[in-house]
Amino acid sequence: MEISLKKRRCSGGMLTYVAAIAKNNVIGKDKALAWHLPNDQKFFRQTTLSGSKTMIMGRRTFESLPRVLPGRKHVILTQKKDYKLDDENVEIVHDIADLMPYVNADEEYFVIGGAEIFKMLFPYTQRMYITEIDEEFEGDTFFPDYDSSEWKVTAKKEGIVDERNKHKHTFWTLERI
Ligand SMILES: NC(=O)c1ccc[n+]([C@@H]2O[C@H](COP(=O)([O-])OP(=O)(O)OC[C@H]3O[C@@H](n4cnc5c(N)ncnc54)[C@H](OP(=O)(O)O)[C@@H]3O)[C@@H](O)[C@H]2O)c1
């Protein structure tokens, strides 16, 4: 498919990934996350409520959310032409080309998954916020393989393990080189 998405942007707009990934690349199981980690939920909330406050996601990820998340625009990709949601914070799109305005705009838009969407939009992302969970989990959905030599770490912070956050985890910021 020929679409005029700019693959790289040195400044201005871009797609930023927000993903939580287990040691074995698992991101989901049975249409949900495979772990409970409130620290990461908090990070996700703070991040997606910043900047454009706009999240791009696949239909299956949208349906895994408890509800339309307050304060954020949801851009949902589906092939179902009759998929409708009566909510001013929801935009339904049917083709990757419909995302062009987000890829080429002057703001940062957050791509929040799932696996199909992470794979499809990977060439267009410039930054990734990855919560790495230092454990292997059983799952059925995986973050795509990528060449880490094309990315540099610009921030790294160990998550705090406590009674409510039992899995060792690290928050990484990666920028495409
Ligand atoms: N750990 C994390 O950071 C994280 C983040 C997000 C999600 N997840 C997990 O990942 C799983 C869901 O991921 P998933 O890969 O199954 O699904 P997904 O990527 O969320 O959504 C896939 C759907 O997107 C639509 N789609 C994909 N390509 C399209 C295209 N080219 N044009 C139009 N529509 C397109 C299709 O919807 P239709 O079928 O409606 O056509 C497809 O079924 C869940 O377990 C979720 O909990 C984890």
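Mentor: Residues are numbered from 1 along each chain as its sequence is written. Because the model is predicted, local features need pLDDT of at least 70 and side-chain atom pairs count only at pLDDT 80 or more, while totals for chains, interfaces and linings use all residues.

Trainee: Which residues of helix α1 are called buried?

Mentor: A residue is buried if 20 or more other C-beta atoms, placed from the backbone, lie within 10 Å of its own, exposed if 12 or fewer, and partly exposed in between. In α1 (residues 38–48), Asp40, Phe44 and Thr48 are buried.

Trainee: Why are these said to line one face of the helix?

Mentor: Seen down the axis of α1, the directions from the axis to the C-beta atoms of its buried residues fall within an arc of 60°, so these residues line one face. The face turned away carries the exposed Pro38, Lys42 and Gln46.

Trainee: How many residues surround the ligand, and what are their classes?

Mentor: The shell holds 28 residues, with Gly28, Gly58, Thr61, Gly113 and Gly114 the closest; a residue is near if its C-beta atom, placed from the backbone, lies within 6 Å. By class, 12 are nonpolar, 10 polar and six charged, with Gly counted as polar.

Definitions and conventions. Helix = DSSP H or I, 4+ residues; strand = E, 2+ residues; numbered from the N terminus.
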